[in-house]
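Hi everyone, thanks for making time today.

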Amino acid sequence: LAPKCDAAPTGSELQSFIKMLLKFQHNKFKFFDPAVLSGPSWEILLDITEASLRGEAIPASAASATTLVPLSTALRHVNNLVDAGLVRHWIDPTDKRRTLLELEPHALVAMQRYLESAWKLQRQVG
């Protein structure tokens with residue numbers, strides 16, 4: 001059973017939570033190259049995945065805003081994801097100042113597989 005949302009977790013619950021976080025961390029490398037997912041790249045990839053699951057592209061600036069790093073650093077990570085073949089980008093035809101992002105089809109499949117695997121892990125721990 002999940003603890004009540006307003007109750008502080010016990011030490012045992014925090015230990016279980018840490019184990020789950022570590023499993024999530026290790027699990028993602030079954031699907032993606034660890035060298036590509038350094039720093040804020042993982043957060044950006046998650047944000048683009050969430051938009052892709054809605055069937056939408058996301059502006060690069062919005063994906064970069066999910067990170068806690070300067071925009072220039074986040075955009076460098078976006079470019080690394082593009083160079084790695086995980087994300088495609090193009091100029092927004094309605095606003096030439098914006099670059100839109102979406103997952104490449106194979107990356108969306110891999111993210112869905114990762115998320116399904118992580119979902120099962122959290123259900124095992126919870």
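This is a predicted model: local features need pLDDT of at least 70, side-chain atom pairs count only at pLDDT 80 or more; totals for chains, interfaces and linings use all residues.

Before we start, a word on naming: helices (H or I, at least four residues) and strands (E, at least two) are DSSP runs, numbered from the N terminus. Residues are numbered from 1 along each chain as its sequence is written, and side-chain values use heavy atoms, with hydrogens and water left out.

Let's stay with α2. This helix has 13 residues and reaches 18 Å from its first C-alpha to its last. That is close to the 18 Å expected at 1.5 Å a residue, where the expected span is 1.5 Å times one less than the number of residues. Which residues of α2 are buried? Buried means under 20% relative accessible area, exposed means over 50%, and partly exposed is in between, using a 1.4 Å probe and protein chains only. On that scale the buried residues of α2 are Ser41, Trp42, Ile44, Leu45, Asp47, Ile48, Thr49, Ala51 and Ser52.

Now for the aromatic rings. Rings of Phe, Tyr and Trp (its six-membered ring) pair if their centres lie within 6.5 Å; planes under 30 degrees apart count as stacked, over 60 as edge-to-face and the rest as tilted. How many aromatic pairs does the whole structure hold? The search finds three. One of them joins Trp42 and Tyr114 edge-to-face, with 5.1 Å centre to centre and 85 degrees between the planes. This pair links distant parts of the chain: Trp42 sits in helix α2 (residues 41–53) and Tyr114 in helix α5 (residues 105–125), 72 residues apart. Both Trp42 and Tyr114 are buried. Ring pairs also bring Phe31 and Phe32 into a cluster with Trp42 and Tyr114.

On to charges. A salt bridge here is a side-chain nitrogen of Lys or Arg within 4 Å of a carboxyl oxygen of Asp or Glu, and the count comes to five. One of them joins Glu102 and Arg88 at 2.7 Å, N to O. Glu102 lies in strand β3 (residues 99–103) and Arg88 in strand β2 (residues 87–91), so the pair ties together parts that are 14 residues apart in sequence. Arg88 also lies over the face of Trp90, 4.0 Å from the ring centre; the rule asks for NZ of Lys or CZ of Arg within 6 Å of the ring centre and within 35 degrees of the ring normal.

Another salt bridge pairs Arg98 with Asp92 at 2.5 Å, N to O. Are these two buried or partly exposed? Arg98 is partly exposed at 34% relative accessible area, whereas Asp92 is buried at 4%. Elsewhere, Glu50, Arg54 and Glu56 are linked in a network of salt bridges, with 3.0 Å, N to O, between Glu56 and Arg54.

Last stop: Thr67, in the loop between α3 (60–65) and α4 (71–83). Thr67 counts as buried at 5% relative accessibility. Leaving aside residues up to four places away in sequence, Thr67 touches Pro40, Glu43, Ile44 and Ala74, where contact means heavy atoms within 4.5 Å. That's my tour, and I'm happy to go back to any part of it.
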